[in-house]
Amino acid sequence: MTETRQERDAFGSVAVPADKYWGAQTQRALQLFRIGDEQLPPALVHAIGLQKLAAARANARLGELPPDLVAPIEQAAREVWEGKFDAHFPLPVWQIGSGTATNMNANEVIANRANELLGQPLATKKPVHPNDHVNRGQSSNDTFPTVMHIVTVLELVGRLKPALASLQSQLSIKAAAWADIVKIARTHLQDATPMTLGQGFGAMARQIELGQARLNDTLPRLYALAQGGTAVGTGLNAKAGFDVAFAEELATLSGQPFRANPDKFEGMGAHDALVEASGMLNTLAVSLAKIANDIRFLGSGPRAGLAELLLPHDGLTSSIMPGKRNPTLAEATLQVCYQVMGNHVTVTHAAAAGHFELNVAKPVIVHNILRSIALLADAAKLFGDDMVAGIEPNTATLSRNVEHSIMLATALNPHLGYDRVAQIVNKSFAENISPKQAAIALGLLSAEEYDRLADPRSMIGPRP
């Protein structure tokens with residue numbers, strides 16, 4: 001049997017595992033919300049520790065906390081921020097829609113730890129009280145949306161941005177290295193006019209560059225915090241100036257320019273900034289899916305596919321076909337993209353649950369956003385480092401495709417006109433001969449004229 005201690009709240013006494021720092025409200029929530037096995041991730045737990053630390057500092061500045069309680073509360077909150085109490089946050093995503101259970105979880109853990117630092121046993125609530133001191137000037141209704149913004153910013157900046165920068169770098173390296181390798185483009189999945197392999201990879205790099213720009217564009221709205229609105233947005237029971245002092249302390253601690261939201265009602269009842277961020281993640285997923293699919297198809301083969309790229313071998317093979325190589329990282333990346341797209345649908349619907357002064361689907365919103373960030377960051381870094389970096393061009397296939405391309409005849413339009421060039425293309429296609437042979441057979445051009453006018457390298461940009 002697990003040893004327990006008794007924790008008390010307004011509803012009476014409840015048994016809590018003796019080695020855990022949470023209190024009665026957390027234990028009641030743990031027993032009530034027996035749904036699924038998804039827990040809010042450690043990054044959010046750390047962010048709530050950071051939020052409580054900034055709140056303690058702001059309250060201390062405003063004279064709202066007894067001076068002798070400030071240091072232990074700050075130390076306990078910092079330890080939560082540093083990840084030392086992750087095992088003491090057991091609650092699932094599927095809980096009260098305001099996130100109150102997790103806010104109380106943090107209040108209780110920090111209060112118990114602060115009292116321990118002051119030489120008191122757990123469960124005393126003295127001298128540090130979870131509501132009166134740790135939650136001073138706060139409500140779950142403004143605290144949890146504040147934490148949602150904090151953790152989203154920190155994960156976007158600290159985790160996703162570096163991964164995207166790494167992927168863009170790998171794509172840009174290939175674009176530069178292959179700037180002079182001519183290939184046949186494809187539109188409607190059919191042969192089109194020439195381009196370079198570098199231009200194709202340059203487009204991929206540009207997609208990721210624009211994704212980074214979209215990420216940066218979402219941050220200003222995420223920097224605005226609901227903290228200070230308390231229960232409904234009016235700021236009841238918070239000291240005047242707490243919102244500004246809190247944002248200043250948080251900005252100092254985090255190194256990010258957080259600021260007080262001038263309209264707390266908007267920050268608590270609506271989560272449009274998070275929907276915007278999720279939409280940005282959805283767009284990144286779409287970009288990454290196109291890149292992964294293009295590379296997967298261009299590397300298909302090695303004998304019967306497009307086979308324009310030689311994909312790196314990852315050491316895995318078929319369970320029945322010895323030596324078979326598959327684009328496994330591209331497939332894993334695509335699955336990530338599909339999950340992120342689904343996450344965005346969830347965020348969209350959950351954010352629409354902002355009725356009157358409070359959205360009541362906050363945990364599922366932040367859960368899906370954080371999963372999307374983590375998945376995209378991991379996939380982008382892995383795909384760039386272990387797939388893109390090792391790709392090589394199959395120059396033999398690329399050259400052969402260019403040499404036999406019917407669409408090289410497009411370069412003749414300014415000289416022969418559309419209808420005559422169509423004759424060349426139709427004859428070439430019908431008789432399975434090159435457009436050069438067709439043009440000569442039709443008496444429209446000599447071999448020398450065709451080579452001069454339909455040089456593939458002259459077709460990869462506008463005419464002079």
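Analyst: K125 is found in the loop between α4 and α5, where helices (H or I, at least four residues) and strands (E, at least two) are DSSP runs numbered from the N terminus. The model is predicted, and local features need pLDDT of at least 70, side-chain atom pairs count only at pLDDT 80 or more, and totals for chains, interfaces and linings use all residues. Residues are numbered from 1 along each chain as its sequence is written, and side-chain values use heavy atoms, with hydrogens and water left out.

The backbone of this loop has two features to note. Phi of K125 is near 60°, a positive value in a residue other than glycine. The peptide bond from K126 to P127 is cis, with omega near 0°, and P127 also belongs to the loop between α4 and α5 (130–134).

Together with E7, G23, A24, E108, A111, N112, N115, A123, T124 and P130, K125 lines the largest cavity. A cavity is a set of points on a 1 Å grid over the protein atoms alone where a 1.4 Å probe fits but cannot get out, and lining residues have an atom within 4 Å of a point. The largest cavity holds about 70 Å³ of space, a volume being the space filled by probe spheres set on points joined across faces, edges and corners. α4 contributes the most to this lining, with four residues. The lining comprises four nonpolar, four polar and three charged residues; Ala, Val, Leu, Ile, Met, Phe, Trp, Tyr, Cys and Pro count as nonpolar, Asp, Glu, Lys and Arg as charged, and the others, Gly among them, as polar. In total, four cavities of 30 Å³ or more are counted.

Helix α1 (residues 24–32) and α4 have axes that come within 8 Å and cross at roughly 145°. Axes are lines fitted to C-alpha atoms, for helices over the stretch in contact, and angles run from 0 to 180 degrees between N-to-C directions. The crossing of α1 with α4 is left-handed, a term for a near helix turned anticlockwise from the far one by less than a right angle, with right-handed used if clockwise. From α1, A24, Q25, T26 and A29 meet A101, M104, N105 and E108 in α4, contact meaning heavy atoms within 4.5 Å. Four nonpolar, three polar and one charged residues make up this contact.

α4 packs against α3 as well. Helix α3 (residues 67–81) and helix α4 (residues 100–117) lie with their axes 8 Å apart, at an angle of about 125°. α3 is therefore oblique to α4; angles under 35 degrees count as roughly parallel, over 145 as roughly antiparallel, 65 to 115 as roughly perpendicular and the rest as oblique. This crossing of α3 and α4 is right-handed. In α3, P72, I73, Q75, A76, A77, E79 and V80 meet V109, I110, R113, A114 and L117 in α4. Nine of these contact residues are nonpolar, one is polar and two are charged.

α3 has a further partner in helix α2 (residues 42–61), the two packing at about 160° with axes 7 Å apart. α2 and α3 are therefore roughly antiparallel to each other, and α2 passes α3 in a left-handed crossing. V45, H46, G49, L50, K52, L53, A56, R57 and A60 of α2 make the contact with V70, I73, E74, A77, R78, V80 and W81 of α3. That contact has 10 nonpolar, two polar and four charged residues.

Of its 16 lining residues, G299, G301, P302, L311 and R325 are closest to its centre. A pocket is an open set of points with protein on both sides within 12 Å along at least five of seven lines.
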